[in-house]
Amino acid sequence: MIQAWFYIFVGIVLLAGFTVFTGAPFVPSRKKEIRLAFSKLYKMGKNDLLIDLGSGDGKVVKVATEFQARAVGVELNPLLALWSKFRLRNNKLANIYCGDMFRFEFPEETTVVYVFSDSRDMDKIVKKIQMESQRLGKPLQLISLAFQPGKTPGVKLLRSYRAYFLYEIKG
């Protein structure tokens with residue numbers, strides 16, 4: 001019996017630590033700050049579809065749906081993706097996918113992308129969004145918490161609020 005619990009514990013620790021080696025670690029966001037940033041930077045509504053790259057516990061996805069927008073979270077860590085799916089199970093405007101954000105194809109209705117990543121991945125994330133913008137044939141809005149992309153053609157800073165930045169990204 002103890003041996004089974006040990007293997008379960010080790011499995012959970014390995015899954016939780018998975019993103020340390022493959023991406024940014026999970027850092028929870030505060031709903032109040034997310035709401036304020038969305039209100040100040042980008043007025044989402046029922047015609048918007050937000051993609052949260054590295055969606056963690058799903059708070060950003062949940063807040064986006066409070067603005068009547070549809071929202072999709074993409075999370076690499078299977079435990080966080082499962083937790084998000086459970087938390088948002090009754091929310092018809094929210095979906096969570098467990099997978100690599102760099103392999104995720106944005107739905108055609110995508111209008112805005114949210115990311116809270118680390119500086120080492122920002123340029124790679126911007127390139128991903130530019131590829132999706134080009135594929136979709138329209139500019140996309142990027143809301144970034146804390147980290148800014150480097151000087152990249154096709155990326156225009158529109159405004160900022162505290163540690164949040166709104167960019168328009170063209171492919």
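A nonpolar core is a set of buried Ala, Val, Leu, Ile, Met, Phe, Trp, Tyr and Cys residues joined through side-chain atoms within 4.5 Å, where buried means under 20% relative accessible area with a 1.4 Å probe and protein chains only. The model described here is predicted, with local features needing pLDDT of at least 70 and side-chain atom pairs counting only at pLDDT 80 or more, while totals for chains, interfaces and linings use all residues. Residues are numbered from 1 along each chain as its sequence is written, and side-chain values use heavy atoms, leaving out hydrogens and water.

The largest nonpolar core has 24 residues, of which Phe38, Leu41, Met44, Leu50, Tyr114, Ile143 and Tyr164 touch the most other members. At least two residues of this core come from each of α2, α3, β3, β4, β5 and β7, elements that are DSSP runs numbered from the N terminus (helices H or I, at least four residues; strands E, at least two). A second, separate core of 21 residues includes Leu53, Phe104, Val115 and Ile129.

Strand β5 (residues 140-145) has six of its six residues buried, and it pairs with two strands, as tabulated below; pairing requires at least two DSSP bridges between the strands.

| β7 (residues 164-169) | antiparallel | six | Leu166 |

Ile143 is also in contact (heavy atoms within 4.5 Å) with Phe38, whose other contacts beyond four places in sequence include Met44, Leu50 and Tyr114.

Methods
Buried means under 20% relative accessible area, exposed over 50%, partly exposed in between (1.4 Å probe, protein chains only).
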